[in-house]
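Colleague: Please take a close look at one part of this model, the surroundings of the ligand. Walk me through them in one go.

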Amino acid sequence: MESNQQFCLQKNNSFNVRTICPTIHILNTKDDLAKLPELITDNFYILGEGSNTLFVEERAPLIIKPELKGIDVFESQDKHVVKIGAGENWHNLVETCLTRGIYGLENLALIPGSVGAAPVQNIGAYGVEFADFCTYVLWYDFASNQIKTLTNQDCRFRYRDSIFKNELYNKGIIIEVVMAFPKKWHANLSYAGLDVLAEDSSPIQIMEKVISLRQAKLPDPNILANAGSFFKNPVISMQQFKSLQKTFPDIPHYPQAENQTKLAAGWLIEQAGLKGYRERGVGVHQQQALVLVNYESTKGSDIVDLAALVQQRVFSKFAISITPEVRMVTANGEQDFAQLIKHK
Ligand code: EPU
């Protein structure tokens, strides 16, 4: 295990804000796990590649960063099973699988972040999500000092949600992920943008299309600091949708189970007049209003203030409350957005 004190995390968060943590513990091997329970304090945060985290203060809490590596492939008659260390980069996994003839992750190309973070928020794009291929997650339990196996069902995957954000929050750490890919592969071309591809497109062609779609709309965090979609797409009842549709006939929606429907937060923000809005070195992205960008601020609080404004303008126009997908972290650990802006 490698530990550093008074560590600046500016290069460890894709919003590129400046914050300093008292200590960072970097896990390199499974042997490091046993040392963790005595090192963690009440408030700590598990950091992957920092592509979905906003540090909102100049101080951060104790940080634990798993960097366990390895991609191991096992083959049976009808499927490939892939076991991946939490510290692997997600897009590198997608490319490795595709070049080795293991298909299924092509729609999830170019999503920033680590493999260990993928189950936490059940990453998804272009009609596919992590849960579609996850067999189980290996999770180290701080209380019992044991590695536990959580099946797909145990993980309680939902839209950008899982047990790791809820019941198991900060009670342990994801160390490995196991995914299965049937050899009988089907293209998933249902999502707008991919539906232009021919039915017999190869997985590599699909991956290339996904990459070009993402590059056209989503800013590259290495060039313009951001954390992808800042807000979740809100899910509302069909009844509420019908009444909104009377005032806004063009409102896009995606029907869900249980008489609910999902709205496009990017559309709501654009209609609220905020696409391309800019203030104090931060702004709403010009090509995709769901993405907040940091042009030149070093303070996470500037992004929080912008997010509060966006939330409030959308609410005034549509009476819909959009909530962040990005996780907010103060010196005292993670904090709920509503609590954070209450004191402003
Ligand atoms: N739209 C607008 N204006 C905008 C942005 C979007 O009108 O500024 C409209 C689009 O025209 C479209 C609809 O909103 O009708 C949906 O837009 P898009 O297909 O770009 O997807 P999204 O719902 O904005 C979600 C995910 C993305 C993922 C894409 C593609 C969430 C929070 N975001 O975005 O995930 O890449 O679908 O599958 O679910 C991420 O989580 O960081 C992320 C980038």
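Modeller: Helix H3 (203-217), strand E13 (225-229) and helix H5 (265-271) each supply at least two residues. H5 gives the largest share, three residues. Keep in mind that this is a predicted model.

Now the residues themselves. The ligand is surrounded by 22 residues. Tyr 126, Tyr 159, Arg 160, Asn 233 and Glu 270 are the closest. By class, the shell holds eleven nonpolar residues, five polar ones and six charged ones.

Which domains give residues to this shell? Domain 2 (71-213) and domain 3 (219-342) both do, so the ligand lies between them.

For Gln 288, a polar side-chain atom is 3.0 Å from a ligand oxygen. In the side chain of Lys 275, an N or O atom lies 3.2 Å from an oxygen atom of the ligand. Arg 214 also takes part: one of its polar side-chain atoms is 3.4 Å from a ligand oxygen. How much of the ligand does the protein bury? Taken alone, the ligand exposes 820 Å². The protein buries 82% of that area.

Step back to the domains. The chain is divided into domain 1 (2-66), domain 2 (71-213) and domain 3 (219-342). Domain 3, which gives residues to the ligand shell, also has a contact with domain 1. That contact takes 18 residues from domain 1 and 25 residues from domain 3. The C-alpha centres of domain 1 and domain 3 are 26 Å apart.

Three strands form an open sheet in the order E4-E20-E21, and the pairing is mixed. Strand E4 (53-55) and strand E21 (333-334) are the edge strands, each pairing on one side only. Strands of a sheet pair through backbone hydrogen bonds, in parallel or antiparallel fashion. Strand E20 (residues 327-330) and E21 run antiparallel, joined by two bridges. In one of the pairs, Thr 330 has Gly 333 of E21 as its bridge partner.

To put the ligand site together: the shell draws on domain 2 and domain 3. Its residues include eleven nonpolar ones and six charged ones. Gln 288 places a polar side-chain atom 3.0 Å from a ligand oxygen, and Lys 275 has an N or O atom in its side chain 3.2 Å from one.

Technical notes:
Residues numbered from 1 in each chain as written. Predicted model: local features only at pLDDT ≥ 70, side-chain atom pairs only at ≥ 80, totals over all residues. Heavy atoms only, no water. Near = heavy atom within 4 Å. Polar contact = N/O pair within 3.5 Å; in protein donor to acceptor, adjacent residues only side chain to side chain. Areas by Shrake-Rupley, 256 points an atom, 1.4 Å probe, with all protein chains shown as cover. Helix = DSSP H or I, 4+ residues; strand = E, 2+ residues; numbered from the N terminus. Nonpolar A, V, L, I, M, F, W, Y, C, P; charged D, E, K, R; others polar. Domains from an automatic or database assignment. Pairing = 2+ DSSP bridges. Contact = heavy atoms within 4.5 Å.
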